Amino acid sequence: MADPIDSEGAESEEEHLRLFLSADLQGSTRIKQLGTGKAGATWLPTVLDFVKRFPERVAACRSAWFRSESAQEGIHEPSEMTVWKVLGDEVVFECRIRNRHDLISAVSAFHNALESANKATVDARRREQSSPRRLFVKGTAWVAGFPVANSVVKLNDRYDYIGPSMDLGFRLTKLAGAGRFVVTADLAWLLCKFEFATRLFFSGRQPLAGIAENGGYPVCWIKVTHSPYEEAEHQILAHKELGCLEGCKLLESFILEHGVPRHTPFLEGETELTPRPDWYDRLRKQIRERGQKEMTDEHDESPTGGGLSAAETDQLLKQIRELAAKIRPKRPG
């Protein structure tokens with residue numbers, strides 16, 4: 001996988017889009033409370049098994065997608081999809097998105113892995129009658145554009161992704177469930193643009209603290225079929241399915257008015273369907289020049305020529321976000 005940070009640790013100036021997918025054990029807090037005592041941490045095997053096996057499921061599902069689709073459409077091998085972080089009982093994957101095939105293969109593989117894992121949990125609970133340590137997996141996905149709206153930084157000899165898109169993605173995980181694979185509005189817009197075969201659903205808007213507190217954030221999700229009950233409940237509730245055309249129109253309107261960030265995402269290999277905003281290069285140049293000036297000033301003032309401190313890095317990133325917030329692209333048409 002091409003790393004957006006070069007061998008010297010300096011952030012690449014090349015713009016790119018990354019997909020992040022979070023898989024989390026639903027109900028893990030409860031089993032940790034119940035399973036911690038004189039017998040030790042009886043919940044630990046459940047978490048370790050998930051952290052090991054779920055990435056294997058995702059890899060197998062993506063390989064299967066590639067084998068079936070590449071033979072039909074002559075698709076080149078997609079970008080590598082890897083584990084970015086393990087946060088307790090949450091596994092976060094990341095993948096650079098260059099074109100529709102990178103995007104659809106990754107989302108499809110993750111969705112299929114969710115269904116596979118949760119169906120296995122349903123079967124295990126039926127066999128064992130009572131199995132509190134058999135947990136469902138819930139999923140969330142989002143995209144983040146670099147280096148304008150978000151940033152790649154080196155922290156303690158490792159690379160991290162930070163910015164408003166990352167904050168939004170992690171905040172949205174609370175709306176996910178075993179039967180509901182939640183995706184951000186900009187990711188849903190991309191899926192509608194590329195006519196994603198799996199159906200998308202829309203459940204109105206929900207408030208998100210610090211992001212969409214007043215009007216709320218659009219809740220878009222992909223159904224994860226894993227049990228007869230979930231399927232029957234879905235039919236009765238009759239959730240609104242998003243068509244590609246109406247989905248694009250609805251989500252683009254939200255993104256331009258309230259989105260994080262306020263422009264639709266663009267892919268380097270899909271310029272016709274996902275064009276770069278006309279103001280993007282100007283803002284990118286301003287950010288680059290400001291960053292270079294900050295680095296030069298710091299180098300001149302430092303007797304050792306050292307880099308930015310953690311506090312100074314935070315201040316620079318704050319300035320970048322403030323500059324990005326000043327851009328208000330006009331509505332098309």
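This is a predicted model: local features need pLDDT of at least 70, side-chain atom pairs count only at pLDDT 80 or more; totals for chains, interfaces and linings use all residues.
**Strand β1**

Strand β1 spans residues 16-26. The strand is mostly covered, with 10 of its 11 residues buried. β1 pairs with two strands, β6 and β5. Strand β6 covers residues 136-146 and runs antiparallel to β1. Their pairing counts 11 bridges. His16 has Phe146 in β6 as its bridge partner. Strand β5 covers residues 90-97 and is also antiparallel to β1. Here eight bridges make the link. Within this pairing, Ala23 stands opposite Val91.

| Pair | Sense | Bridges | Example partners |
|---|---|---|---|
| β1 and β6 | antiparallel | 11 bridges | His16 and Phe146 |

**Helix α3**

Helix α3 runs over residues 100-128, 29 residues in total. From its first C-alpha to its last, α3 reaches 42 Å. That is close to the 42 Å expected at 1.5 Å a residue. Which residue caps the N-terminal end of α3? Asn99 does, through a side-chain oxygen. This oxygen lies 3.0 Å from the backbone nitrogen of His101.

**Cysteines**

How many disulfides does a search of the whole structure find? The count is zero. A disulfide would need two cysteine sulfur atoms within 2.5 Å. Are Cys61 and Cys95 buried or exposed? Cys61 has a relative accessible area of 17%, so it counts as buried, the cut-off being under 20%. Cys95 is buried too, at 0%.

Methods. Residues are numbered from 1 along each chain as its sequence is written. Side-chain values use heavy atoms; hydrogens and water are left out. Helices (H or I, at least four residues) and strands (E, at least two) are DSSP runs, numbered from the N terminus. The expected span of a helix is 1.5 Å times one less than its number of residues. A polar contact is a pair of N or O atoms within 3.5 Å; within protein, one must be able to donate a hydrogen and the other to accept it, and residues adjacent in sequence count only if both atoms are side-chain atoms. Buried means under 20% relative accessible area, exposed over 50%, partly exposed in between (1.4 Å probe, protein chains only). Two strands pair if DSSP finds at least two bridges between them.
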